[in-house]
Amino acid sequence: MSVVASADVVIVGSGVAGALVADRLVRKGVSVVILEAGPPVDRDRAVEIFRQATAKVPESPYPSTAHAPRPSVLDIGVPGTGYFVQEGPEAFGSTYERVVGGTTWHWLGSTPRLLPSDFRMKTEFGVGRDWPLTYNDLEPFYVQAEKELGVAGDGDEDQGSPRSAGFPMPAVPISFLDKVIAKSAATIGLRVLSTPQARNTETFNDRHHCVGNSNCIPICPIGAKYDAMIHIDRAVENGARLISNAVVRQVLLRADGTARGVRFRRPNGSDDEVTARAVVLAANAIETPKILLMSGGPQGVANRSGQVGQNLMDHPIALSYGLSAQDEPVYPQRGPLSTAGIESPRESAARGQKSAFRVEIGNDGWRFPIGDPTFEFTQGPFPRLREGGAALARRWEDHVAHEIRFASLLEQLPDRTNTITPAFDKVDDIGIPRPRITFSIDPYTMGGFVDAQALHERLFVAMRARERTHVTFTFGAGHIMGTTIMGTDPATSVADGFGRSHDVRNMWIVGSSLFPTCGTANPTLTLAALALRTEVALRAALPGLPAAAS
Amino acid sequence: MALHGSALRGLDDRPSHPNRRELLAGLAAGTLTVATSAALASAPASAATTRPVTLDEFMELSRILTDNEFSLEDEPGALYLASLAADPAFSAPLRQLVQDTVRADREPRTFTEVIRSGALRTDAAARTAQQILVLWYSGLVNDRTADYLEALAWESLPFPKPPSTELGFSKWDEAP
């Protein structure tokens, strides 16, 4: 074991949060080492792997390596399989990538902001927690994050989140399907709004505009949708050192309780170290707490509160699908997978008693969650016995042309019994504990689930929709939050409002693991804004931090 | 958003499978047949229905079952044929179906004509025809992808393109 690098800042994780911090720091002359557990991804090769995959699930283009295994939706709910050690009572349904660039490779790209009230759940609704910062504190960083990610949106639409600046790009045009739904929604007093999204509508940051590859999940073939490679590549060009296939397993502490660096394991099982003046953990809301709990003594590191790895949250999805009226085809399967939604339920009057939610309108027909028509042909109902020829083709075309899908993202409250801990008794191929997860969805969230499906049904009725189905269980949204929550009280939170550990003064956490509550907005823009805010605080603190050990 | 569903279990089992180009080359050279039983191997010409189905015959049958609406490629076709021939539920009915259609004196030209000819009167024949269509539409065979971009599930739809291929900005915002 040896110290292979030393820098001002070592960043663990190369997803959007780590990438943004790295990019900003190196442009200010701060030396940075980025450690990524997984390998780099070649986009063209990944597209080919996707096309060859039998199940076009979010992970399908990306490797799950022996040294950096990752969860797959194909393993969810199958006892004894997969990367997660699922302890229930319900299966945790969200996944992530362990590759250079992180999960932005397969994210949808939607970038709504949180609402001001999302930051004050305890004060305004008597549930959850308040954030240690306000919407107004974060707003300037939302503006910066929208520029960094390249967000397209309609500044004339009131999304409930006050703006001090316009969107960097004109909105992504909403789909024909959105327009059909909007017409019916208006008859029951609901408005369909275009969804802000990190997807180019014009050339932006040297990236091409969207050309409708209709494949945001699992991979945009041309990079029109933001992914963290933009900032990783720029950070490396500006001097950051990226070490891939480096699985961080411990934060190393000095006797005075400050961090001196991190220890990582290579695919061959050998360990090395990187030392730094400051450590930034950016390894998502599963791996970040796992690293902290594998470090130090039995309680882990930065865990005075005992809440590292607790309060695991998602946006459980209420899914409904149906067919539009026979005389009103909607022609899905074209363009970005979602371009609009219904946002008013995010400000539900019943908040405090049950979950608010936002309705995402899918442009992908009934392909959710598998991503292609495999099931319709291998599990029925196509073709019927003794059905074929042009008649089969026309029936299939007619079906797809009418497919509608609603997915409402529910708000889950922080619950200390929803946990991720290292499974020291179930290790991966290089001897690192896998994530053990306990997870349940409480009545607060399920109250919103019932409301969401009732709203879906009202929409279906307004549309004269046929073959309406409301799925009776929730799906994971891929929005992994909580687990190192921030707050003002070190006794009940892990980090302060800037992501700085209460306990280890030269260690910061970035990412959605910081969220004290999760609101109903897709989390990436908020975690990006928080990361940019952290970078400013970290850089200001650097001169007062101990020098990196050589 | 990334998504999961517990209904997806079991899809990642990937049994080994012959390389598709090797398979095509074998069929073309006559070194690989789709007959599966020892009886067939020992008496290959004892009756018309025991004759192995050739790739050309299978492709012709496939075109008939799809009303000649699509351009079907030999490469995935060879994989589909091998799969059917190796499956006891389909191998004999497939030979019979070919006998009753492609090899018939009056060959039906469309799916409807196949129905009228009586070639699908048995459930075994009907299920075999159905499976042929499942293969062409799904592009999946033996838990692997034989064809994605030209799978008929996409090819038969006039308004979208297969995901990962370009539709054009912003053609999604109006009816096609």
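Mentor: Let us begin with a term: a nonpolar core is a set of buried Ala, Val, Leu, Ile, Met, Phe, Trp, Tyr and Cys residues joined through C-beta atoms within 7 Å. Please keep in mind throughout that this is a predicted model.

Trainee: Which residues have the most contacts inside the largest nonpolar core, and how many residues does that core have?

Mentor: Val10(A), Val12(A), Val32(A), Val280(A) and Ala528(A) have the most contacts inside the largest core. Beyond its neighbours within four places in sequence, Val12(A) is in contact with residues including Leu35(A), Val248(A), Val262(A) and Val280(A). Another core, of 86 residues, lies apart from it and has Ile181(A) and Leu455(A) among its members. The size of the largest core is 121 residues.

Trainee: On the side of strand 8, what is the bridge partner of Arg263(A)?

Mentor: Strand 7 is joined by five bridges to strand 8 of chain A, residues 271–281, and the two run antiparallel. In the hairpin that they make, five residues lie between the strands, and Gly269(A) takes a positive phi near 95°. The hairpin of strands 6 and 7 also has five residues between the strands, with Gly257(A) at a positive phi near 90°. The bridge partner of Arg263(A) is Glu273(A).

Trainee: Which residue in the turn between strand 13 and strand 14 of chain A has a positive phi?

Mentor: Strand 13, residues 419–427, and strand 14, residues 433–439, run antiparallel and are joined by six bridges. Ile420(A) has Ile437(A) as its bridge partner. Five residues lie between the two strands of this hairpin, and the residue with a positive phi, of about 85°, is Gly431(A).

Trainee: Why do the buried residues of helix 2 of chain A line one face, and within what arc do they fall?

Mentor: In this helix, residues 43–52, the buried residues are Ala46(A), Val47(A), Phe50(A) and Arg51(A). Viewed down the helix axis, they line one face because they fall within an arc of 140°.

Trainee: Is Asn284(A) buried or exposed? And what of Glu467(A)?

Mentor: Most residues other than glycine have a negative phi. Asn284(A), in helix 7 of chain A, has a positive phi near 75°, and Glu467(A), in strand 15 of chain A, has one of about 45°. A residue is buried at 20 or more C-beta neighbours within 10 Å; Asn284(A) has 25 and is therefore buried. Glu467(A) has 13 such neighbours, so it counts as partly exposed.

Trainee: Where is the cis peptide bond that involves Ser170(B), and what is its omega?

Mentor: Ser170(B) is in the segment after helix 8 of chain B. In chain A, a cis peptide bond joins Gly88(A) and Pro89(A), with omega of about 5°. The cis bond to Ser170(B) comes from Phe169(B), and its omega is near -10°.

Trainee: Which residues of chain B does Gly335(A) touch?

Mentor: Gly335(A) is in the loop between strand 9 and strand 10 of chain A. With 31 other C-beta atoms within 10 Å, Gly335(A) is buried. Its contacts in chain A include Ser175(A) and Asn363(A). Those in chain B are Leu167(B), Ser170(B) and Trp172(B).

Trainee: Which element of chain B gives the most to the side that touches chain A?

Mentor: In all, 54 residues of chain B are in contact with 65 residues of chain A. Helix 6, helix 7 and strand 2 of chain B each supply at least two residues of that side. Its residues divide into 28 nonpolar, 14 polar and twelve charged. With eight residues, the element that gives the most is helix 7 of chain B.

Technical notes
Residues are numbered from 1 along each chain as its sequence is written. Chains are lettered from A and ligands numbered from 1 in the order in which they are written. This is a predicted model: local features need pLDDT of at least 70, side-chain atom pairs count only at pLDDT 80 or more; totals for chains, interfaces and linings use all residues. Two strands pair if DSSP finds at least two bridges between them. Helices (H or I, at least four residues) and strands (E, at least two) are DSSP runs, numbered from the N terminus. Two residues are in contact if their C-beta atoms, placed from the backbone, lie within 7 Å. Ala, Val, Leu, Ile, Met, Phe, Trp, Tyr, Cys and Pro count as nonpolar, Asp, Glu, Lys and Arg as charged, and the others, Gly among them, as polar. A residue is buried if 20 or more other C-beta atoms lie within 10 Å of its own, exposed if 12 or fewer, and partly exposed in between; C-beta atoms are placed from the backbone. The arc is that of the directions from the helix axis to the C-beta atoms.
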